[in-house]
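Please walk through the model below with attention to the ligand and the space around it.

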Amino acid sequence: MSMYVCGPTTYNYFHAGNARMFVVFDMIRRYFMHKGYDVRYVQNFTDIDDKIIQRGNTEGMEPLALGQKYIEEYFKDAKALNILPATVHPKATEHIPEMIEIIQGLMKSGLAYEVEGDVYFAVDHFPNYGKLSGRTLDDMKAGARVEVDERKHFPMDFALWKNAKPGEPAWESPWGQGRPGWHIECTAMSLKYLGAGFDIHGGGGDLVFPHHENEIAQTEGYLKGETFARYWMHNAFLTINQEKMSKSMGNFFTTRELLVNYPGEVIRFYLLGTHYRSPLDFSDENLVMAQKGLERLQTSIRLSQQALERLDSSKNERIQVELVQAAKEAREAFEKAMDDDFNSALAYAALFELAKTMNGYVQENPVYSKGLAEAQKTLVELGEVLGFDLLHPAQVSIEKGEILAQVMEVVLEIRARSRQKKDWEMADFIRDALKEKDIIIEDTPQGARWQIKK
Ligand code: AMP
Ligand code: ZN
């Protein structure tokens, strides 16, 4: 089976809201794998767009290099969250010729037009525009802002190709130097790596309109009506004080920051603890609750492991049928929950129930090893389906966070002393070297503070 998921725009570390999307679709992928499907999974990198160019300019970094930097950082944080690498991670900038070819096809079919080096998709020439989001062109027109671009034939027409502005990265095209609009990359990369009619197209709920609506219009327009994706799935938002966590609003925590205080598996456990189509509110309390929940499962595995090591299975021939039964029931409840639109929150309940039963037996004597081994194996295996390695808990990184804070205190003290001695070279070196590692020092009246760059 085949899945395409819209990946990150790489101008920053990804935030916890993005992480929700990556973890949710990783969970869905893993469940299909558990069911025996061979999953071909494509997740792109948007490594050129306005925000990347802007951030490159403010940081004095070449936009394409900035995009590349955050692709590398993506893999580090994704690994910490135990997100499997995609089968293919295509980058927009490496698929410009494919995009140009599709745009040319659309122009030939009368679905796109050029204006002074820009190319637009003509939404009113595509009969089903609005079918995913349930909007009509009339509604959209009424909702369109007054200052629409005069050069567009219709207010909702969107850019397939953008004429180069001076100093921006640009590629050669039949319409002159320019760069692609955002939507076209997903059409080009999904068709290239999965072909038309692939199984599931996923992304966050903010992508339904306009991004996915536009993907459908341009792809099905290009394919002359052939189906683009068979199913569409969207996760609800991670919110903070009931508002969407987003880079543009500034109300976000990067995964990198959270990893200072929480192991990746705790963040993952928190993100999957709510059904993917329900909003999930971000707070430290919720993360701490997730940490406790995960620890309950880990403790149960540890206790059963100790009991199994104590028991001599050769003299322990009997099977604890109750535990075998509990394992069977847990598996059934787990699969039922996951079969019902990937209800990972309910699947957790099956894991907790089994852990509770195991704890009860481990504390009693005698326990028969065969039943316990079966129950433990089941709990580990079901945990793994959701991307948790219950046998090997991560080191508690709260400790790591504390150590980091202590080390930083010493570093800032050294810098303060250098400044007292007017050793500006050393003080600047410390600040700049930390900045290289994305640790930002800020001097305040109360002394220097540090934070990981957002
Ligand atoms: P971006 O890097 O902004 O293009 O977003 C990458 C992915 O994360 C997209 O699929 C978004 O829909 C998703 N996303 C962004 N913000 C949130 C959020 N607060 N909650 C859940 N998913 C999000
Ligand atoms: Zn996309």
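Eight nonpolar, eight polar and three charged residues make up the shell around ligand 1 in this predicted model. Of the 19 residues that surround the ligand, the closest are Thr9, Gly204, Asp206, Leu238 and Met245. Two elements, α1 (16-34) and β7 (198-204), each supply at least two residues of this shell. The largest share, three residues, comes from α1.

A nitrogen atom of ligand 1 lies 3.1 Å from a polar backbone atom of Gly17. An oxygen atom of ligand 1 is found 3.1 Å from a polar backbone atom of Gly204. On its own, ligand 1 has 490 Å² of accessible area, and the protein covers 93% of that.

The next step is the space itself.

Which elements each supply at least two residues of the lining of the largest pocket? They are α1, α2 (50-59), β5 (158-163), β6 (178-180), α6 (184-193) and α7 (208-222). With five residues, α1 gives the most to this lining. By class, the lining has 18 nonpolar, 15 polar and 10 charged residues.

Terms used. Residues are numbered from 1 along each chain as its sequence is written. Chains are lettered from A and ligands numbered from 1 in the order in which they are written. This is a predicted model: local features need pLDDT of at least 70, side-chain atom pairs count only at pLDDT 80 or more; totals for chains, interfaces and linings use all residues. Side-chain values use heavy atoms; hydrogens and water are left out. A residue is near a molecule or strand if one of its heavy atoms lies within 4 Å of it. A polar contact is a pair of N or O atoms within 3.5 Å; within protein, one must be able to donate a hydrogen and the other to accept it, and residues adjacent in sequence count only if both atoms are side-chain atoms. Accessible areas come from the Shrake-Rupley method with a 1.4 Å probe; for residues, only the protein chains shown count as cover. Helices (H or I, at least four residues) and strands (E, at least two) are DSSP runs, numbered from the N terminus. Ala, Val, Leu, Ile, Met, Phe, Trp, Tyr, Cys and Pro count as nonpolar, Asp, Glu, Lys and Arg as charged, and the others, Gly among them, as polar.
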